[in-house]
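Reader: I'd like to learn how to read salt bridges in a structure. Could you walk me through some?

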Amino acid sequence: MTDLWQRDVCAIVGVGESDYSKNSGTSVTALAAAASRAALADAGLDPADVDGVIRNDMDLVSCAALADAIGARNLTYYGEAGPGGSGPAAMVAQAVGAIMSGQASTVVVFRSLNGRSGNRFGLSSEPATTTGGGESMTEFFGPYGLLSPGQFFALLAQEYMYKTGTTSEQLGHIALAARRHANNNPRAQMYARKMTLDDYLDSRMLSSPLRLFDYCLETDGAAAVVVTSTARARDLRQTPAVIRAAAMASGPRPQPGQMYPVLMRDNPLDMPSRYCAETLYRRAGLGPKEVDSAQLYDCFTITALLQVEDYGFCDRGEAGKFAAAGELEIGGSIPFNTSGGHMSEGYIHGMNHIVEGVRQIRGTSSNQVPGASVSLVTSAPPPSTSALILVAA
């Protein structure tokens, strides 16, 4: 099949965020509007310029509600992508498609949730009331107590550590790298809150082998970006982050539900992110050696660790040693989650990763990689996934 992806035709020209907190005290619509208005102001655009809105399929804010809240005059395109954390990069890809096909010219892409004070995605659910998991979740996993994302990813971590000899200390260096970056980021919830390896190892075990600090921060907040054509972007306020490539992937045997069906594959560690990486690098005409920073979806440390290998930054089975050697920190070979990511900045289901990817291209990150010109951003690796490569204009 011929791949018709066109490089560099669109760019992200504005980014915006609400505060990230445990209790926003406001509605998800208000959070979405605040982040979207901030992104438009960042780009030097007016809400009246917006003719496209793309939401996450798990967002409680509709495209129409967001358009009304910010004062958009007429939407000629609206859409959504997901599931959940798999969606943000795919949402940007959808914006590119809308602009390339002439259906819109200025598209706001957003995610908004009260993920701590409201609906907490990390909590266990009774099998009978679990939604999105399909029959495979209810029939095969629920009766045995597999009821939460943390338990699922703990099984993947056990499998990986058993096969590779990766230690808890090595896994901890994923969390440490994210925390050190958050310590320099005033927007992060873990700003200036230092953590040592002993702190990590002493944190309580939640689902073996994953400890408290292997988990992301359930968060109230919103993030948004504005996408337009690269030609138009050159006349706007900010340095554009050009979208070199976007990709999505399901991997083999895609099944309904969220992440649980991955366990039913022949090799649970064969994640969709590996297939996404192949498509993304082919479309971009780039490889891992050209990437300056990687904003990797990190709902758990194991998620980031698997992607370090899937996106080609080290050999199979070597990610633990790679992290322990400091390669994921500023000064290492591939600085990752330079805002603190989901584990130490906030869990906005991957939208805040896109914001930080743009900042790296602009040169405005709180943990700036010197001379950065190629930024990788990924969304959740299972059950499906998506990713972007952003480049300097």
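Author: Happy to! This is a predicted model. Arg-244 and Asp-8 form a salt bridge, with their closest N and O atoms 2.6 Å apart. The pair joins distant parts of the chain, 236 residues apart: Arg-244 sits in strand β8 (residues 241–249) and Asp-8 in the segment before β1.

Reader: What is the general idea behind such a pair?

Author: Side chains of opposite charge can pair when their charged atoms come close.

Reader: Is Arg-244 buried or exposed?

Author: Arg-244 has 19% relative accessibility and counts as buried, because the cut-off for buried is under 20%. Asp-8, at 28%, counts as partly exposed.

Reader: Which side chain meets Asp-3 in a salt bridge?

Author: That of Arg-283, at 2.8 Å from N to O. Asp-3 lies in the segment before β1 (10–17) and Arg-283 in helix α9 (residues 272–284), 280 residues apart. Asp-3 is partly exposed, with a relative accessible area of 30%, and Arg-283 is partly exposed too, with 23%.

Reader: What does Arg-187 pair with?

Author: Arg-187 forms a salt bridge with Glu-356, where the closest N and O atoms are 3.9 Å apart. Arg-187 is in the loop between α6 (168–182) and α7 (197–202), and Glu-356 is in helix α13 (residues 351–362), so the bridge ties together parts 169 residues apart in sequence. Glu-356 counts as buried at 1% relative accessibility, whereas Arg-187 counts as partly exposed at 29%.

Reader: Which residues are linked in a network of salt bridges?

Author: Glu-17, Arg-187, Glu-356 and Arg-359. The structure holds 14 salt bridges.

Note on methods. Residues numbered from 1 in each chain as written. Predicted model: local features only at pLDDT ≥ 70, side-chain atom pairs only at ≥ 80, totals over all residues. Heavy atoms only, no water. Salt bridge = Lys/Arg side-chain N within 4 Å of Asp/Glu carboxyl O. Helix = DSSP H or I, 4+ residues; strand = E, 2+ residues; numbered from the N terminus. Buried < 20%, exposed > 50% of the residue type's maximum accessible area, 1.4 Å probe, protein only.
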